[in-house]
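Hello,

Please find the structure below. My notes on its pockets follow.

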Amino acid sequence: MSTHARPLAVRLAAAGDDELGALFQARGVRPDPGWQDFFDAAEALLEPASVERALTALTLPQAAALLRVEAGGDAGAPRAHLIALGLLDGEGSLPVPVADLLIARDGVPSPDGTPLPEPSSESAAARAAERAFTTVGRVADLLLSVRESAPSLLATGQLSAGDRKRLAESGIPTEEIDDLRALAVSAGLLHVGDRRLLLGEAAALWLPASFADRWSALASAFRADLPAGVRTDGSWTPPSTWPLAYPWDGGWPAQAERLATRLGLLGLSGDDGSEPVWAGPVRTGAAVDPAPLAALVPAEVDKVFLQNDLTAIAPGPLVPSLELRLRGMTEHESSGSSSYRFTEDSLTRALVDGETEQGLVEFLTALSLTGMPQPLAYLISQSSQRHGLVRVWQTATGTTITSRDPHLIEALGVDRGLRPLALLPEDGMLVSRVGAETVYWALVDARYPATLVDADGDPVPATRTPAAAPPVEPAPSYAPLIARLRSRQGPDADAAWLDRELDAAVRGKATIVVEVGMPDGSTRELTLEAAGLGGGRLRGRDREADVERTLPVRSILSVRPA
C-alpha cells in the first residue's frame with residue numbers, strides 16, 4: 001500500500017462531483033473501473049502507467065512548469081491545471097510517484113522566445129494562393145466522390161485500398177487524400193459512420209459557395225480544431241515550434257508535421273516558411289478575411305464552350321454552383337480540369353438525380369457561349385426517352401416494378417445478377433419483398449433505365465449516400481462511479497486509511513512498524529510480521545521478542561513499512 005496516495009485520496013474526497021468528473025475524463029479513466037473508494041482512485045491515478053499517460057498529454061509550458069517544481073521552483077500559470085490533473089498536490093508540490101518519473105525525463109526547451117514567421121514575398125504569396133485554390137478544388141472533388149459512393153474504412157479508420165485507388169484515378173494525389181479528408185472532417189463536410197466516410201450536412205451549403213467562402217470555412221475550422229499545445233490566447237504558436245508542443249509524446253512530431261502540411265495546403269504558410277498577409281488574421285484569432293487571397297486566384301467564369309464532340313470547355317474556373325450542376329450531368333476528366341464530357345451514362349445519372357430534359361436544355365443553353373450543338377441535343381433527347389422505361393415504387397408488402405416494354409420486364413425476371421432481389425412475375429409486373437430504394441439502386445447498377453416513383457407515379461430523386469449529421473458520442477458519465485466512491489466515504493479518513501494499510505500488510509504478509517498508544521499516554525513502536533486482522537484486532541509476530549501479539553486497532557496510531 002502506497003502511503004503517497006493518501007493525500008490525493010483526501011483531496012478527491014473533498015472535491016465536488018464536477019471537479020472529479022473533469023479529472024477522470026482528463027486522465028482517461030474508464031467510467032466503470034473496479035474502484036471501491038477514494039483510496040483506490042488515488043492509488044490508480046498515481047500508478048506509473050497512469051502518470052505516464054498524463055505526462056504524455058502535457059503541453060510544453062505545462063511540462064516546463066513541472067520541471068521547475070522538481071527543481072524547487074514554482075509552477076507559475078499552469079499550477080492550477082496541474083493540480084486539477086493530480087500531477088501536483090494541493091500545495092503545488094510533486095507527489096513522490098510523479099517526481100520519480102520526472103527524474104528520467106529530459107529537459108524541455110523554453111516555451112517562449114521564438115519569433116513569428118517573416119511576411120511572404122510577392123512570389124511566395126502567389127504560390128501559397130495557388131496551393132489554396134488547388135486544395136479547395138480537391139476538397140470539392142473529394143466530397144463529390146463521396147456523394148457518388150461512400151468509401152469504406154478499415155478497422156484502423158484508414159480508407160480501403162480500392163477507394164484510395166478510385167480517388168487517385170479521379171485526379172486527387174494519393175499523398176494528399178488523408179490531409180484533404182482531415183480538412184473536410186474539421187469543417188463538418190465529411191464524417192465517419194458505420195465504418196464509412198459520409199457526406200456531412202454542411203457540404204450542401206459549402207459545395208455551391210464561392211471560392212472565398214469555401215476557403216474561409218476550411219481555414220476557420222482548421223484553426224478551431226488545432227490542439228491546445230499549438231494555440232495560445234486565440235492564436236497559434238509559430239509553426240516552427242509545433243514539433244515541440246508536446247515534448248513527452250513520442251507520436252506528436254509526426255502529427256505536428258501533418259498539421260504543418262495542412263497549413264501549407266490551405267495557403268496559410270508559404271513554401272519557404274513565411275506567412276502570407278491573409279494568414280495573419282487567421283493565426284491571431286481575428287475574423288477570416290479572404291479578400292487578399294481571392295485577389296491572387298483565377299477569376300471565376302459563368303460560361304462554357306459546348307462542342308460537337310460532346311464536351312464542354314470552361315475558359316476558367318466555373319462558378320461553383322454552376323460547376324456543381326454541370327458535373328452532375330457530365331464526366332469530369334480529372335481534378336482541376338476545365339473539360340467536361342457528356343455521355344449517355346452521365347445524362348442518365350442526371351435524370352436519376354432529378355433533372356428533366358427541358359431543365360437540361362435550358363441550363364446548358366444559358367451556360368453556353370456557342371449555343372446548343374445538335375449532337376448534344378440529340379443525346380439528351382435519346383437519354384430522356386430511354387430513362388423511365390422501368391418504374392419502381394414502394395408498396396405495403398414490398399416493391400413493384402413496371403415497364404411499358406414487356407420484353408424489358410422479361411429480361412429483368414431472368415437476369416441472374418438480380419436474383420438476390422427475388423423478383424416474381426405478377427400480372428405483367430415484377431414484385432419483390434425488398435425495399436424500393438434497394439431494388440432501384442440494384443437496377444441502376446445493372447444499367448437498367450430505372451426511375452423511382454411515389455404512389456402517384458411522380459419521380460422521386462434518390463441519393464445513394466445522402467448527407468447526414470455526424471453521430472453524437474455522449475461524454476462518459478462518471479456519476480455512477482462517483483456515487484459509489486461517495487457511498488464508501490466514511491467520516492474518519494485517518495481510520496479508514498489505517499484499516500487499508502493494515503489490511504494490505506496482512507494480505508502481503510508484510511513486516512511493518514506500528515506505533516501503539518499506551519494507556520499511560522506514552523507510545524511504543526513494535527515491529528510485527530502481520531498475520532491477521534479481524535474483530536478490531538491486529539495479530540502478528542513481534543520479531544524482537546519472538547512472540548505472537550494481538551493489538552487493538554483503535555490503539556494503533558500509525559503504520560509504516562519495516
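**Pockets in the model**

Six elements each supply at least two residues of the lining of the largest pocket: helix 8 (122-148), helix 9 (161-169), helix 16 (320-327), strand 7 (331-332), helix 17 (344-352) and helix 21 (436-445). Note that this is a predicted model. Helix 17 gives the largest share of that lining, with 6 residues.

The largest pocket has a volume of about 1,400 Å³. Its lining is made up of 36 residues. Nearest the centre of this pocket lie Glu 148, Gly 328, Glu 331, Arg 349 and Asp 353. Sorted by class, the lining of the largest pocket holds 17 charged, 10 polar and 9 nonpolar residues.

The second largest pocket contains about 690 Å³ of space. It is lined by 34 residues, and Thr 59, Pro 61, Gly 229, Arg 231 and Thr 237 are the closest to its centre.

Which elements each supply at least two residues of the lining of the second largest pocket? They are helix 5 (60-70), strand 3 (231-232) and strand 4 (235-236). The largest share here comes from helix 5, which provides 5 residues. By class, the lining of the second largest pocket has 18 nonpolar, 11 polar and 5 charged residues.

When you open the model, you could begin with helix 17 for the largest pocket and with helix 5 for the second largest pocket.

Regards

Note on methods:
Residues numbered from 1 in each chain as written. Predicted model: local features only at pLDDT ≥ 70, side-chain atom pairs only at ≥ 80, totals over all residues. Heavy atoms only, no water. 1 Å grid on protein atoms, 1.4 Å probe; cavity = no way out; pocket = protein on both sides within 12 Å on 5 of 7 lines; lining within 4 Å. Points joined across faces, edges and corners; volume = space filled by probe spheres on them. Helix = DSSP H or I, 4+ residues; strand = E, 2+ residues; numbered from the N terminus. Nonpolar A, V, L, I, M, F, W, Y, C, P; charged D, E, K, R; others polar.
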